[in-house]
Amino acid sequence: MKTTSSPIIIGRCDVADFPLLAIKDIAIKIDTGAYTSSIHCKDIQVKENKLHCVFLDPEHPEYNGKSFVFDQFKQKKVKSSNGQVQLRYLIKTRIRLFEQEYPIELTLSDREEMNFPILIGRKFLTHRFIVDVSKENLSKLNKPH
C-alpha cells in the first residue's frame, strides 16, 4: 500500500507504542534484512479457535502480564536469520511512530535472547520509511514530552 506522503527517515532503532496491545515506549529494531516484523511473545496457545498469548516477559519493564486473545490470526512460514524456517502465528495490530498510527502485522516469536523485543521488517517499512543507519530514536526525539 503506497502512501501519498513522502517517506519518513527512521534510524536503525527507535521507540514505539502499540496502543491495542497496551505497550508504550518500547524499543524496536529496524531490520531491512527481515521481511516480516515480529514481537517477543510467551505462552502462545490456541484454544477454541482463538489465539491466546502474553507479550514480553516479567523481566521486561513494559511487561504487564495481560493475556491477549485474538479471534483473527494466521500462521506463516518465516525464515530466521540463521536460515531455519519456523511456522509462526501472525496477528494484525497498530503501531505508533512519529505521532502517527499505522497498521502492522507481527509474527509472534520468542525473542528473549535478543537485544530488542520487537523487530520491524521491510513489509512495514516499504513506502513509509527510509532507513538511515547512522541515526537512532528519531521518532522518540520527536515525541512531545
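Colleague: How many cavities of 30 Å³ or more does a search of the whole structure find?
Modeller: A cavity here is a set of points on a 1 Å grid over the protein atoms alone, where a 1.4 Å probe fits but cannot get out. Grid points are joined across faces, edges and corners, and a volume is the space filled by probe spheres set on the points. With a cut-off of 30 Å³ or more, the search of the whole structure comes up with one.

Colleague: Which element gives the largest share of the lining of the largest cavity?
Modeller: Lining residues have an atom within 4 Å of a point, and here they include Val-15, Ala-16 and Asp-17. Strands are DSSP runs (E, at least two residues) and helices are too (H or I, at least four), numbered from the N terminus. β2 (13-18) and β8 (85-97) are the elements giving two or more residues. The largest share, three residues, is from β2.

Colleague: How far can I trust this, and what pLDDT does the chain average?
Modeller: It's a predicted model, so to speak of local features pLDDT must be at least 70, side-chain atom pairs count only at 80 or more, and totals for chains, interfaces and linings use all residues. Residues are numbered from 1 along each chain as its sequence is written, and side-chain values use heavy atoms, with hydrogens and water left out. pLDDT is the predictor's confidence in each residue, from 0 to 100. At least 70 is reached by 97% of the residues, and the chain average is 90.

Colleague: Which element gives the most to the lining of the largest pocket?
Modeller: A pocket is an open set of points with protein on both sides within 12 Å along at least five of seven lines. The largest pocket holds about 550 Å³ and is lined by 24 residues, with Ser-80 and Arg-88 among those nearest its centre. β7 (74-79) and β8 each give two or more of them. The top contributor, with four residues, is β7.
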